[in-house]
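Please read the notes alongside the sequence and the coordinates.

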Amino acid sequence: MTNSPLQVSPLRDGRVLCLRLARPKANIIDGAMIGALRDGLENAAGNHRLKALLLCAEGPHFSFGASVEEHLPDQCAAMLGNLHQLVLQLVRFPVPVLVAVQGQCLGAGLELALSGHLLFAAEGAQLGQPEIKLGVFAPAASCLLPLRTGQMPAEDILLSGRSLSAAEGYRLGLVAAISGNPEVAALDYYDSHLAQLSASSLRLAVRAARTGFSAQVQERLAAIETLYLQDLMRTQDATEGLMAFIAKRPPEWKDQ
């Protein structure tokens with residue numbers, strides 16, 4: 001285990017930057033991980049030689065999601081603000097973001113994956129937004145999933161909290177490819193389709209492709225974050241679900 005929660009390494013003669021979540025096995029998206037990712041993205045955004053970003057993770061799982069403790073009422077406003085700024089950084093990142101996931105890719109982990117451009121999944125990967133089972137909901141995914149899959153599949157995922165297999169994610173258009181080694185698949189995509197392109201033209205093509213998408217994400221995310229903080233976190237059940245998870249006991253819902 002490294003001292004940093006994130007490993008940053010250049011690949012393909014510096015044309016690809018790899019950001020690797022490095023706190024296995026859970027790779028929790030906590031304040032330290034969010035800060036490291038935001039710094040890594042900010043430092044890379046101005047590199048005009050860059051043609052792609054690879055987001056991946058050490059260990060058997062991509063990420064179990066955000067820190068539940070940081071979702072409690074005294075911390076959630078700061079945590080959500082930072083997480084959503086990270087999501088927007090990924091959505092607006094100037095070159096293609098290739099995401100390689102394995103094992104569990106849940107909660108905030110899937111929200112980060114949804115913010116990228118192409119998701120490459122291992123054969124046994126599980127993708128899900130289980131927040132509703134804790135009495136809360138996933139703000140960024142509530143914004144991103146309908147734009148990615150259409151409304152009805154997104155509502156199924158968000159309201160049930162169930163996990164999808166890589167194959168179901170592929171059928172819904174969330175997963176670009178399924179591979180025994182998703183990192184290799186992502187880099188193969190770079191080698192086959194991006195390496196020979198002009199870096200400057202690729203940046204402009206990314207801006208063009210994401211113009212409407214980025215604007216919708218920013219607008220929707222602001223509204224959903226307000227709903228989360230001003231309405232959801234004032235309910236008894238939101239706190240109960242989080243506390244029950246931390247205590248490893250079943251929640252006792254009050255329906256209010």
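Is Asp231 buried, partly exposed or exposed? With a relative accessible area of 45%, Asp231 is partly exposed, where buried means under 20% relative accessible area, exposed over 50%, and partly exposed in between (1.4 Å probe, protein chains only). This is a predicted model, in which local features need pLDDT of at least 70 and side-chain atom pairs count only at pLDDT 80 or more, while totals for chains, interfaces and linings use all residues. Residues are numbered from 1 along each chain as its sequence is written, and side-chain values use heavy atoms, with hydrogens and water left out.

**Asp231**
- Asp231 has its place in the loop between helix H8 (199-230) and H9, where helices (H or I, at least four residues) and strands (E, at least two) are DSSP runs, numbered from the N terminus.
- Between Asp231 and Glu123 there are 38 Å in space, C-alpha to C-alpha, and the two are 108 residues apart in sequence.

**Backbone geometry**
- Most residues other than glycine have a negative phi, and most peptide bonds are trans.
- A cis peptide bond, with omega about 10 degrees, joins Pro24 and Lys25, and Lys25 is found in the loop between strand E2 (16-21) and helix H1 (31-45).
- Asn27, found in the loop between E2 and H1, has a positive phi of about 45 degrees although it is not a glycine, and at 0% relative accessibility Asn27 counts as buried.
- Arg12, in the loop between strand E1 (6-11) and E2, has a positive phi of about 50 degrees although it is not a glycine, and Arg12 counts as partly exposed at 35% relative accessibility.

**Largest pocket**
- The largest pocket holds about 410 Å³ of space (a pocket is an open set of points on a 1 Å grid over the protein atoms alone, where a 1.4 Å probe fits, with protein on both sides within 12 Å along at least five of seven lines; lining residues have an atom within 4 Å of a point).
- Of the 24 residues that line the largest pocket, Phe64, Gly65, Ala66, Val68 and Leu134 are the closest to its centre.
- Two or more residues of the lining come from each of helix H2 (76-91), strand E5 (104-106), helix H3 (108-115) and helix H9 (236-247).

**Helix packing**
- H3 and helix H4 (residues 139-149) pack with their axes 9 Å apart, at an angle of about 40 degrees.
- H3 and H4 are therefore oblique to each other, since angles under 35 degrees count as roughly parallel, over 145 as roughly antiparallel, 65 to 115 as roughly perpendicular and the rest as oblique.

Terms used:
Points joined across faces, edges and corners; volume = space filled by probe spheres on them. Axes fitted to C-alpha atoms, helices over the stretch in contact; angles between N-to-C directions.
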